[in-house]
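Here is a short briefing to read alongside the coordinates.

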Amino acid sequence: MTALTSQKLWRPYTQMKTAAPPLEAIATRGTRITLKGGRELIDGIASWWTAVHGYNHPHIAATMADQLMRMPHVMFGGLTHAPAERLGARLAALLPGDLNHVFFTDSGSVAVEVALKMAVQLWLNRGETGRTRVLAFRGGYHGDTMGAMSACDPEEGMHRRFGAYLPSQVFCDLPRTAEAEAALDAALASHRHELAAVIVEPLVQGAGGMLTHPPEVLATVARLARRHGLPLIADEIFTGFGRTGTMFACEQAGIVPDILCLSKALTGGTMALAATVATTEIFSAFWSDDSAAALMHGPTFMANPLACAAANASLDLFETEPRLDQARAIAARLADGLAPLDRLPGVRAVRVLGAIGAVQFAGAPDLADLKRRFVERGVWVRPFGDIVYLTPALPIETGDLDRLIRAVTTVVTETARD
């Protein structure tokens with residue numbers, strides 16, 4: 001058997017020929033990952049930002065075990081069930097404004113696809129054709145499926161090689177300056193009759209490089225979208241559920257988007273589940289005696305009962321445990337611990353927002369070497385591009401958080417001085 005034919009698993013974002021063999025995880029607990037052989041790593045990124053309560057929380061595990069024995073899955077076409085009904089009602093109550101209509105899917109990318117489809121079909125249902133594009137922002141990332149990829153940064157994003165294959169969207173810079181605001185306003189005006197919506201990641205462009213912007217910038221985006229009569233889609237797949245210090249990032253700007261996407265931490269990192277939530281105004285465009293006006297989407301595992309049960313258990317923990325206080329405490333510790341790195345000649349910027357801390361190098365580092373050095377220090381940190389970042393579970397113990405910060409400061413300092 002050759003090295004080529006022996007590779008049975010195809011791994012994400014990985015050149016399979018040259019990548020180092022992956023580490024084998026055999027167990028998780030709290031904020032620790034146990035590897036084959038017994039070694040433990042402190043997880044600094046909560047499994048791609050999902051394990052917001054840490055791993056194996058007993059309340060989520062018990063709730064899932066009970067649901068597993070009752071009904072792990074049933075189709076959502078023509079049937080309903082209590083876990084989905086309860087979760088939909090709870091999300092509507094938690095979200096700002098009248099974001100009251102919840103469409104469940106099974107991944108963040110698909111939640112974005114549904115949001116884009118909602119926006120396009122909204123105009124069709126209103127009798128307007130030609131509105132098939134969205135305005136998105138440079139530095140953004142919205143997922144790996146076709147529509148979602150088309151709204152990612154077209155030059156610096158990981159999907160730029162697919163450019164000729166993707167739908168054509170309109171891109172602007174976030175309005176951080178008066179000039180950028182004027183440019184956005186002009187783009188919305190000139191493309192208004194072909195645009196279906198505006199899409200934005202509130203406060204943090206995550207996979208685009210942990211690029212942060214203040215609430216005022218988000219408020220400006222919302223104001224301009226409304227001025228030009230366009231629905232605003234807020235992609236809170238990364239930022240939702242306490243990561244920025246509030247339950248949802250939109251709250252900090254005092255805005256209510258027309259459509260909002262959720263996933264990742266929705267189930268506390270236990271099951272695949274996502275939601276696209278719309279306001280009553282959006283929903284009303286699909287409320288009709290005409291069957292052709294119905295939203296034409298229906299994932300097989302939509303509103304999976306086991307995943308909905310896990311999500312309800314996760315929301316229980318936000319009600320009974322001090323997650324938002326924990327996020328704010330993490331923010332203070334990250335700001336204090338990472339600040340000295342900003343003075344290093346090889347570091348371009350240090351950014352902290354809520355329970356997110358990022359260090360940006362002045363140049364592209366050797367990612368494989370960085371990953372190896374983090375593992376040597378007993379932590380699981382996965383840098384990408386020119387970024388090293390921390391997004392730990394919110395209830396992480398202070399000692400573990402400090403170990404993560406020390407590992408980052410040590411590795412970054414060594415790398416920046418090389």
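Asp 235 is buried in this predicted model, because its relative accessibility of 5% is under the 20% limit for that class. The residue sits in strand E10, which covers residues 232-235. UniProt, in an unreviewed entry, lists Asp 235 under the feature "binding site", and that makes it a handy place to begin.

**Around Asp 235**

- Leaving aside residues up to four places away in sequence, Asp 235 touches Val 112, Tyr 141, His 142, Val 200, Glu 201, Pro 202 and Cys 261.
- One of these neighbours, His 142, also has a side chain in polar contact with that of Asp 235, at 2.8 Å.

**The other annotated positions**

- According to the UniProt record (unreviewed entry), the "binding site" feature takes in Gly 108, Ser 109, Asp 235, Pro 299 and Thr 300. These positions span 193 residues of sequence and are spread in space too, with C-alpha atoms up to 22.6 Å apart.
- Is Thr 300 buried or exposed? Thr 300 is exposed, since its relative accessible area of 61% is over the 50% cut-off.
- Thr 300 belongs to the loop that runs between helix H8 (280-284) and helix H9 (305-320).
- So the annotation covers a buried residue, Asp 235, as well as an exposed one, Thr 300.

- Thr 279 is part of strand E12, residues 274-279.
- With a relative accessible area of 5%, Thr 279 is buried.
- Its contacts, not counting residues up to four places away in sequence, are Asp 98, Leu 99, His 101, Pro 257 and Asp 258.

- The chain is assigned a domain 1, made of 23-42 + 321-415, and a domain 2, covering 56-318.
- Taken over C-alpha atoms, the centres of domain 1 and domain 2 are 27 Å apart.
- How many residues of each domain are in contact with the other? Domain 1 brings 19 residues, and domain 2 brings 20.
- The size of an interface is often given as the accessible area lost when the parts come together. Here the area buried between domain 1 and domain 2 is about 1600 Å², with carbon and sulfur atoms giving 60%.
- The count of salt bridges between domain 1 and domain 2 is 0, while 9 residue pairs, both residues at pLDDT 80 or more, are in polar contact across the interface.
- On the side of domain 1 that touches domain 2, at least two residues each come from strand E1 (25-29), helix H10 (323-338), strand E13 (347-353), strand E14 (356-361) and strand E16 (387-390). H10 gives the most to this side, with 4 residues.

**Salt bridges**

- Side chains of opposite charge can pair when their charged atoms come close. The structure holds 21 salt bridges.
- One of the pairs is Glu 194 with Arg 133, whose side chains meet at 3.0 Å, N to O.
- Glu 194 is partly exposed at 26% relative accessibility, whereas Arg 133, with a relative accessible area of 18%, is buried.
- Another salt bridge brings together the side chains of Glu 321 and Arg 323, at 2.3 Å, N to O. Glu 321 is partly exposed at 26% relative accessibility, and Arg 323 is buried at 2%.
- Where do Arg 328 and Asp 325 lie? Both are in helix H10, 3 residues apart, about one turn of the helix.
- Elsewhere, salt bridges with shared partners connect Asp 369, Arg 372, Arg 373, Glu 376, Arg 377 and Glu 414 in one network.

Definitions and conventions. Residues are numbered from 1 along each chain as its sequence is written. This is a predicted model: local features need pLDDT of at least 70, side-chain atom pairs count only at pLDDT 80 or more; totals for chains, interfaces and linings use all residues. Side-chain values use heavy atoms; hydrogens and water are left out. UniProt positions are given in the numbering used here, feature names are shortened, and annotations may be inferred rather than shown by experiment. Buried means under 20% relative accessible area, exposed over 50%, partly exposed in between (1.4 Å probe, protein chains only). Contact means heavy atoms within 4.5 Å. A polar contact is a pair of N or O atoms within 3.5 Å; within protein, one must be able to donate a hydrogen and the other to accept it, and residues adjacent in sequence count only if both atoms are side-chain atoms. Domain bounds come from an automatic or database domain assignment. Buried area is the accessible area (1.4 Å probe) that two parts lose on being put together, summed over both. A salt bridge is a side-chain nitrogen of Lys or Arg within 4 Å of a carboxyl oxygen of Asp or Glu.
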